[in-house]
Structures are given as C-alpha cells and as structure tokens.
Amino acid sequence: MKRHAASLLGIGVLCMALPAASLARESTGFDQYGYQAYASGSAQCTYAYVDASDGPILDLSAASAAAPASDDGAAVVALAAPFELYGVPVNALVVSSNGYLAAGNDLTDEDGGDFSADCPLPAIADNAVASQSRIYAYHADLDGAPNSGTIRSRYFGSCPRPSASGLDEACSVVQWQDWALRGQPGALDMQVVLYHASFEIALQYQALDASLGATASIGTQGPDATSGNAFACRGNRALPQASAVCLFDPRHLPPLPIIDSLFADGFDSP
C-alpha cells in the first residue's frame, strides 16, 4: 500500500508538470470498423508538413463537360507500395480536385466530381461515378483555377514525417497546393500522408482558406459507405492552420501515452 500511495503521489506531480496537450489521450472519433482519430497537440499526433514540391504534378481529367478539371476533376495515382483502407488492399487512388482520395484503379471507378461535403459520415456519394471508400482531406467545393493551384504526389522510401508506430516506414504523399474554396479568399495548402506498414493516415494543413474548414468534411469512409469517421464536418470542430489529424487502423493503434501505460494493467506498473 505504501508503494501504491507513493506511486499515486508521483503520478499526481507528473500530471501537474506535464503540459495539457501531452495528457490529451482520448480519441476524438471512431467508426464501426475501428479507425481512431486524433488531432495534433495530442500525444498520438504531430504536425510535420512534408515537402512534396518535387513530386510530379497530376494531370486532372474533368468529371463532365459541366466544369473544368480544376473545378471537378480527378487523376489516378498508382501506389508504389501496399496500402490498406478499412482492411482492404488498395493499389491505386483517385485524387479529386474537391479534396478527397477514393479507392479506385481508374476514372471508371471514381470521377472526382463530388463537390458537396457530406455530414455526417458515412454517406452515399452523389457524383455520377463514385467509389464509396474514401479519405476526406478537406471535402468541399474546391477549385484550383483562382490561385493556379497544383496537386502533386510523392513516394518516400523512408518517410520524412515519422509515423506513430515508431517504425521507419515508407509513405506516399498527395498534396494540394494553392487550392481555393469557392466563394472564400485565401489559399489552401494541405496533404495526405499514407504509411505503408501501419496504414496510418495523416491529414496535414499548412494553410487554410478564410472559412477554416467550416463547410468541409474531414475523415474516412469505408466500402459501400457502411462505416465512416467524420473527424469534422460543417464547422463542428475548429481546424487551425499548421495542424494535423491522424487516423489509425485498429490493427495498428498508436502506443499509449505515459499516463495510460501506467494504468494499462490495472494499476501503477509501467
């Protein structure tokens, strides 16, 4: 009992000494499959923007004749290493001008034309050719034309941004640069980082338009729209600039912070 009492006293001192952000250990979202989402500032998620500026610019194809490709369009990125989304192997992703990635091998699986943010998730996508399995980085009515925006992709054999797994992982990055939200001033710079061993997904926001995500959906959705995790949608959670959202596959959850580790076995053994 004396050892336990002393340990509890030490933990109390440790709690007071640590900054509040380091104690933020609760997942802010989960779905039926089991994805867990954390915001930067928590022990599980860090913001570390990856420079993908030397990656090739994607050549977008228009979803229809109703709008140019920079407004409603997509391009296919073949992944250089295996990745799984909702436990399903994904070899290629369709990158949409409207701020999302969809599982698909070509534009006959997904056309990128879904410009209306869905809230809550999951929700059946309403574009003409749609894959329901998606990563919503900043799903909204976006357009690359106003700021001469680009979308690039880049593969790293050793990811410049360390994953939460502690492994030296390969990653693929898709980056929207100088993109715009219709009707809002400001340029949007964001990226999706996909890790090929733990299947972690990091959504990173270097700069935001004036809405600060108030009309966007951010999260993930599984095949057939049966499972989904809306970390934020239609302004229900603030999205700061220079921030990240980290989403973890339930098979590869991040390590417990020190306070959780102390009590993982029921009491005070680390």
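Strands here are DSSP runs of E of at least two residues, numbered from the N terminus. Two strands pair if DSSP finds at least two bridges between them. Residues are numbered from 1 along each chain as its sequence is written, and side-chain values use heavy atoms, with hydrogens and water left out. As the model is a prediction, local features need pLDDT of at least 70 and side-chain atom pairs count only at pLDDT 80 or more, while totals for chains, interfaces and linings use all residues.

**Strand 13 and its partners**

Strand 7 (residues 134-139) runs antiparallel to strand 13, with four bridges between them. Strand 14 (residues 228-233) also pairs with strand 13 in the antiparallel sense, over five bridges. T220 has N229 as its bridge partner in strand 14. Strands 13 and 14 form a hairpin with six residues between them, and D224 in the turn has a positive phi of about 60°.

How many residues of strand 13 are buried? Five of the five residues of strand 13 (residues 217-221) are buried, so the strand is largely enclosed by the rest of the structure. Buried means under 20% relative accessible area, exposed means over 50%, and partly exposed lies in between (1.4 Å probe, protein chains only). In a regular strand the side chains alternate between the two faces of the sheet. Both faces of strand 13 are covered, with buried S217, G219 and Q221 on one side and buried I218 and T220 on the other.

**The nonpolar cores**

A nonpolar core is a set of buried Ala, Val, Leu, Ile, Met, Phe, Trp, Tyr and Cys residues joined through side-chain atoms within 4.5 Å. The largest one has 42 residues, of which Y138, W176, V192, I201, L203 and Y205 touch the most other members. Its largest share, five residues, is supplied by strand 4 (residues 73-85). A second, separate core has nine residues, among them V50, A52, C171 and V173.

L203 shows how such a residue is surrounded. Contact means heavy atoms within 4.5 Å. Leaving aside neighbours within four places in sequence, the contacts of L203 include I135, Y136, A137, V192 and I218, as well as A244, V245 and L247.

**Disulfides**

The whole structure holds three disulfides, each a pair of cysteine sulfur atoms within 2.5 Å.

| Pair | S to S distance |
|---|---|
| C45 and C246 | 2.1 Å |
| C119 and C233 | 2.1 Å |
| C159 and C171 | 2.2 Å |

Counting bonded cysteines along the chain, the pattern is 1-6, 2-5, 3-4.

For C45 and C246, the torsion about the S-S bond is about 70°, so this disulfide is right-handed. C45 sits in the loop between strand 2 (36-39) and strand 3 (61-62), and C246 in strand 15 (residues 243-248), 201 residues apart. C45 counts as buried at 2% relative accessibility, and C246 counts as buried at 0%.

The link of C119 and C233 is also right-handed, with 45° about the S-S bond. C119 lies in the loop between strand 6 (100-103) and strand 7 and C233 in strand 14, so the pair ties together parts that are 114 residues apart in sequence. C119 is partly exposed at 27% relative accessible area, whereas C233 is buried at 5% relative accessibility.

In the pair C159 and C171, a torsion of about 80° about the S-S bond makes the disulfide right-handed. C159 lies in the loop between strand 9 (150-156) and strand 10 (171-181) and C171 in strand 10, so the parts tied together are 12 residues apart in sequence. Both of these cysteines, C159 and C171, are buried.

**Aromatic rings**

A search of the whole structure finds eight aromatic pairs. Rings of Phe, Tyr and Trp (its six-membered ring) pair if their centres lie within 6.5 Å; planes under 30 degrees apart count as stacked, over 60 as edge-to-face and the rest as tilted. F83 and F199 are edge-to-face, at 5.8 Å centre to centre and 90° between the planes. Both F83 and F199 are buried. Y138 and Y205 form a tilted pair, 6.4 Å centre to centre with 50° between the planes. Y138 belongs to strand 7 and Y205 to strand 12, 67 residues apart. Ring pairs also link Y33, Y35 and Y86 into a cluster.
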